[in-house]
Amino acid sequence: MSQRALDPPRGVLGLLRRRPFYVHIGAIFVLLILAILLAIGWVTRLETRKMVQQSAEQLFAHVGHEVAQQLRLLRGPIELAVQFGAALQAMSSATSLDARLAQIDFLTRALESEPQMSAIYFAYDNGDFFLVRPLRDAAARALFKAPADAAYLVQSVERGGQQRRWLALSRERKTLAVWAPPDAGFDARTRPWYREAMAKG
């Protein structure tokens, strides 16, 4: 047998043959752990990137919604004031409940477009008074003893305070009920807001 055949193998093969079996198993486990860590890191990187992208999209959508809301809040009162001018002129010259109810569509739309408003009302120098308020929930309807399907309440004082009527209206502005409220002796001309308005002309 030649000397070359008896010589131990050289290189990687020889290194592996000279190491115990447990060293081979340990090396395999280390390589597996490194491969798993690399895979976890790659998946985590992809998921993190996806989460950041989704968060950015949600943030942009939220900011856009807030900007649109602020613009609507700024523009709403201006548009309402312009539209209110024509209705104000008609309401100021109205002398009967029917003439005032002719403007009910605009008044209720104004209440719908501006949820922060609780009512719109007009007072006249002869003691008449006209108020429209939304009935937004069951508690409000119960408070005024309005029908369950009522959406608006009209409170009317006519003929210098001689006649008082409440009208429950549906969402389509149809009259559902008419009744006489308790006589509280209300006269808008005695209220500070009326006196201030008259003082300013």
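The model is predicted, with local features needing pLDDT of at least 70 and side-chain atom pairs counting only at pLDDT 80 or more, while totals for chains, interfaces and linings use all residues. Residues are numbered from 1 along each chain as its sequence is written, and side-chain values use heavy atoms, with hydrogens and water left out.

A nonpolar core is taken here as a set of buried Ala, Val, Leu, Ile, Met, Phe, Trp, Tyr and Cys residues joined through side-chain atoms within 4.5 Å; buried means under 20% relative accessible area, exposed over 50% and partly exposed in between, with a 1.4 Å probe and protein chains only. The largest such core holds 20 residues, and those touching the most other members are Leu101, Ile104, Leu107, Phe122, Phe130, Val132 and Val154. At least two residues of this core come from each of several elements, including helix 3 (21-93), helix 5 (104-113), strand 2 (129-134) and strand 3 (152-158). Helices (H or I, at least four residues) and strands (E, at least two) are DSSP runs, numbered from the N terminus. Helix 5 contributes the most to this core, with 5 residues. A second, separate core has 8 residues, among them Leu135, Ala140, Phe144 and Ala150.

Turning to the backbone, most residues other than glycine have a negative phi. Lysine 145, in the loop between helix 6 (138-143) and strand 3, has a positive phi near 55 degrees; its relative accessibility is 69%, so lysine 145 counts as exposed. Arginine 173, in the loop between strand 4 and strand 5 (175-179), likewise has a positive phi, of about 65 degrees. Arginine 173 counts as partly exposed because its relative accessibility is 22%.
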